[in-house]
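Let's take a walk through this one, going from charged pairs to a surface patch and then to the space inside. Have the viewer open as you read.

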Amino acid sequence: GLGYVGLTLAAVMAEVGFEVYGIEKDIEKLSMINNGLAHFFEPRLNQILKKQINNKNFITSQHIPKNNDFSVFILTVGTPLDEFGKVRLDMVDEAVDQISQTNYNNKLIIMRSTLKLGTTRKIAEKLNSNKDKKCDLAFCPERTVEGQALKELRHLPQIVGGIDSKSSLRSSIIFQ
């Protein structure tokens, strides 16, 4: 998703040289982004978007292409609360379903949404239940301060916990 967390992350990753393919279901937001305009305010974001879209480091779509050569999937979809105060995981489930329809074999999937304990393991078990496709899954909690996202993404250390294709804890790392 290309909400606050996803769009800022995608812009920074494209700016440092990654080829980024961003997915956004909302056609109005997608149209704005394709015109180099964020649907929220973050200093310098519009300039970065325009440049990265023009140099083709950042491409967007409403769906994950089934035939792709992506090596990493980063999920940054919303997990709002429902009317009873419970976390809604329907957007996470939909994104995982889209990934499951692609060739995700031997790929890394990073969850960067706010998730309750155990969710990452359940996603790993679901994706790795297909005997022909196995993936590694990592969780990297987001903690973005509005107005500081582009700076923080470049300078704050990130903690990542990983589950390998056998659904056992592989490692926890901190990178900067």
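Start with the charges: searching the whole structure turns up five salt bridges. Keep in mind that you're looking at a predicted model.

One of those bridges joins Glu15 and Arg154, whose closest N and O atoms sit 2.7 Å apart. Glu15 belongs to helix H1 (residues 4-15) and Arg154 to helix H6 (residues 149-155), so this pair ties together parts that are 139 residues apart in sequence. Both ends are partly exposed: Glu15 has 30% relative accessibility, and Arg154 has 36%.

Next, look at Lys126 and Asp97, a salt bridge with 2.6 Å between the closest N and O atoms. Here Lys126 comes from helix H5 (residues 119-127) and Asp97 from helix H4 (residues 90-100), so the parts being tied together are 29 residues apart in sequence. Lys126 is partly exposed at 42% relative accessible area, and Asp97 is partly exposed too, at 30%.

Asp90 also has a partner, Arg88, with the closest N and O atoms 2.9 Å apart. Asp90 counts as partly exposed at 38%, as does Arg88 at 31%.

Val72, Ile74 and Leu108 make a nonpolar surface patch of about 180 Å². Val72 sits in strand S3 (residues 72-75) and is partly exposed, with a relative accessible area of 37%.

Finally, the inside. There is one cavity of 30 Å³ or more, and the largest cavity holds about 40 Å³ of space. Its lining consists of Arg112, Arg143, Thr144, Glu152, Leu153, Leu156 and Gln158. Sorted by class, that's two nonpolar, two polar and three charged residues.

Note on methods
Residues are numbered from 1 along each chain as its sequence is written. This is a predicted model: local features need pLDDT of at least 70, side-chain atom pairs count only at pLDDT 80 or more; totals for chains, interfaces and linings use all residues. Side-chain values use heavy atoms; hydrogens and water are left out. Patches are made of residues with over 30% relative accessible area and no salt bridge: like charges are joined within 9 Å, nonpolar side chains (Val, Leu, Ile, Met, Phe, Trp, Tyr) within 5 Å. Accessible areas come from the Shrake-Rupley method with a 1.4 Å probe; for residues, only the protein chains shown count as cover. A salt bridge is a side-chain nitrogen of Lys or Arg within 4 Å of a carboxyl oxygen of Asp or Glu. Helices (H or I, at least four residues) and strands (E, at least two) are DSSP runs, numbered from the N terminus. Buried means under 20% relative accessible area, exposed over 50%, partly exposed in between (1.4 Å probe, protein chains only). On a 1 Å grid over the protein atoms alone, a cavity is a set of points where a 1.4 Å probe fits but cannot get out, and a pocket is an open set with protein on both sides within 12 Å along at least five of seven lines; lining residues have an atom within 4 Å of a point. Grid points are joined across faces, edges and corners, and a volume is the space filled by probe spheres set on the points. Ala, Val, Leu, Ile, Met, Phe, Trp, Tyr, Cys and Pro count as nonpolar, Asp, Glu, Lys and Arg as charged, and the others, Gly among them, as polar.
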